[in-house]
Number of protein chains: 2
Amino acid sequence: MSLLVTGSIAIDTVQTPFGKAEGVLGGSASYFSYAASFFGPVRLVGAVGPDFPKEFLELLKSRDIDIKGLEIRPHSKTFRWGGSYTGNMNEAKTTDLQLNVLAEKPPRIPESFRDSEFVFLANTSPALQLDLLGQLDGPEMVVADTRDHWITESRDDFLGLLKKITGLVLNDFEAKILTGLDNMVAAGEAILKLGPRFVVIKKGEHGCLLFEGSNICALPAYPISKVKDPTGAGDCFAGGMMGYLAANKVVNFAALRRSIGFATVAASFAIEDFSLGGLQKIRLDDITARLEKFRALSSF
Amino acid sequence: MSLLVTGSIAIDTVQTPFGKAEGVLGGSASYFSYAASFFGPVRLVGAVGPDFPKEFLELLKSRDIDIKGLEIRPHSKTFRWGGSYTGNMNEAKTTDLQLNVLAEKPPRIPESFRDSEFVFLANTSPALQLDLLGQLDGPEMVVADTRDHWITESRDDFLGLLKKITGLVLNDFEAKILTGLDNMVAAGEAILKLGPRFVVIKKGEHGCLLFEGSNICALPAYPISKVKDPTGAGDCFAGGMMGYLAANKVVNFAALRRSIGFATVAASFAIEDFSLGGLQKIRLDDITARLEKFRALSSF
């Protein structure tokens, strides 16, 4: 089925205890679409400036990623982000932020993308997520990501969005901000009452929790002893999840739990190298092989 | 097989967001032995004073717990601990600490317990753990717990202990203190190099990691939306683990991973009520039923 992602495309500079990557491809839509493209075609909607390196365009085009929705604005500049990680690497310290094209009017969804059946709205203002959603012809499944900032600063819009989406993916800190609850099981159950059919709470190195109705699935993270760069892990998680679901077509609880298995594995490859390096080294076979390994090491 | 535990027996007063329990049974050896007794007999070594309530003694005796090693010292007083939990309840704030009998000479292991084959040395000074170990006739399997305090203040003794035990259970914070590593996968692998055949890193609500040779098992926690009192969860975890292993007799990796499944479930019942209340409500059938539920909700 057709899978669409709307989100940021960035030029990143990232410093971690394992090194520094300067001017590399980043952004939620880049990570998401690359991870999802292992499973099938992806439609990408975003905007960059003429400074966006040609090799990044080529990298996206080398995958099954349709960049018809990628606006290259002649008088703008690509979003740039710099971040550094220390300690447990759970959170980046932003060292550089140049919104550039992200501060302009948002990209439109091309006519030919409006029939997309699976949609991922990467983190941005909920008002914009709602606007993008409004441009689509009734997609079958819409999943949104968010950030603590939007939950606190645009709470009403965000609560409105929750009533219009199928699924929400967010991290444990965001789930706490949203619900006021410290217990993530209680938080997940509380979020379901706000509208979405399912919720995935991502806990980084501690895995994730999936909630749908009265069903819960709890998975650990895939154990990685050397996390080189956690940037984009959450977007690769979502990309693996949605890529699998769109390819699988059925979205029942059994499919959802398998999808977060694939999501976990996609993220585990992503964090093994800077930018998209970890994913560029692998093929779908590697993902399915690690999924089997994951299944074995998390069973008892 | 015979299973022995050495550890504290306490009178606790615990405050959590869900209420307060005053003067209830606590201590690592109490929690451990109760949890382990679902699987088979337990030999308990510890000391209390004449103030130790008779009903607590009866509670222990009502289980398959041999209290021949429980010294009731006429001129002493039972160890008392008070703690309060707030927020995510990951750590207690100690509000009262009366070492009493714990500040005196340690209890001896009775002659008739010295042939114990499975031994759990609950958290105390590593010098004392080594001393207790020395009183035993070459047990088959020795597992120790510890605390950050002992790792920092008695590091040499602790490193000596690590060379004499089969397995170490500790929490993620202690694993970080011990190894200096933030990544728990790397930390687990590093601890194996210090001596023990296997290591279990407990991560509370985030589950646990088991390391043995090049094998890893990663489990989430069993999802509990209402954690009433996390006191003793780690000791119930260890009790479930060792109780299963001693009953199972074989200690290969397959048995170890099953044992941490039982451990997780035992701990999940314990945190649903104050003191041993959560475990007093259940039978082995409830543990095995929840184990199956756990298996289902953590598979994908």
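Is A:Asn100 buried, exposed or partly exposed, and what is its relative accessible area? I looked this up and found A:Asn100 partly exposed, at a relative accessible area of 23%, where buried stands for under 20% relative accessible area, exposed for over 50%, and partly exposed for what lies in between, with a 1.4 Å probe and protein chains only.

I note that this is a predicted model, in which local features need pLDDT of at least 70 and side-chain atom pairs count only at pLDDT 80 or more, while totals for chains, interfaces and linings use all residues. Residues are numbered from 1 along each chain as its sequence is written, chains are lettered from A and ligands numbered from 1 in the order in which they are written, and side-chain values use heavy atoms, with hydrogens and water left out.

**Positive phi**

I found that A:Asn100, although not a glycine, has a positive phi of about 50 degrees, and I placed it in the loop between strand S7 (93-98) and strand S8 (118-121) of chain A; helices (H or I, at least four residues) and strands (E, at least two) are DSSP runs, numbered from the N terminus. B:Lys249 counts as partly exposed, at 45% relative accessibility.

**Sheet of chain B**

I traced an open sheet of nine strands in chain B, in the order S5-S4-S1-S8-S9-S10-S11-S12-S13 and with mixed pairing, two strands being paired if DSSP finds at least two bridges between them. Its edge strands, each pairing on one side only, are S5 (65-72) and S13 (215-219). S12 (residues 208-212) and S13 of chain B pair in the antiparallel sense over five bridges, and I saw that B:Phe211 has B:Ile216 in S13(B) as its bridge partner.

**Second largest pocket**

I then turned to the second largest pocket, whose lining includes A:Ser214, A:Phe253, A:Arg257, B:Tyr222 and B:Lys293. On a 1 Å grid over the protein atoms alone, a pocket is an open set of points where a 1.4 Å probe fits, with protein on both sides within 12 Å along at least five of seven lines, and lining residues have an atom within 4 Å of a point. Strand S13 (215-219) and helix H9 (253-270) of chain A, together with helix H11 (284-297) of chain B, each supply at least two lining residues, and H11(B) gives the largest share, three residues.
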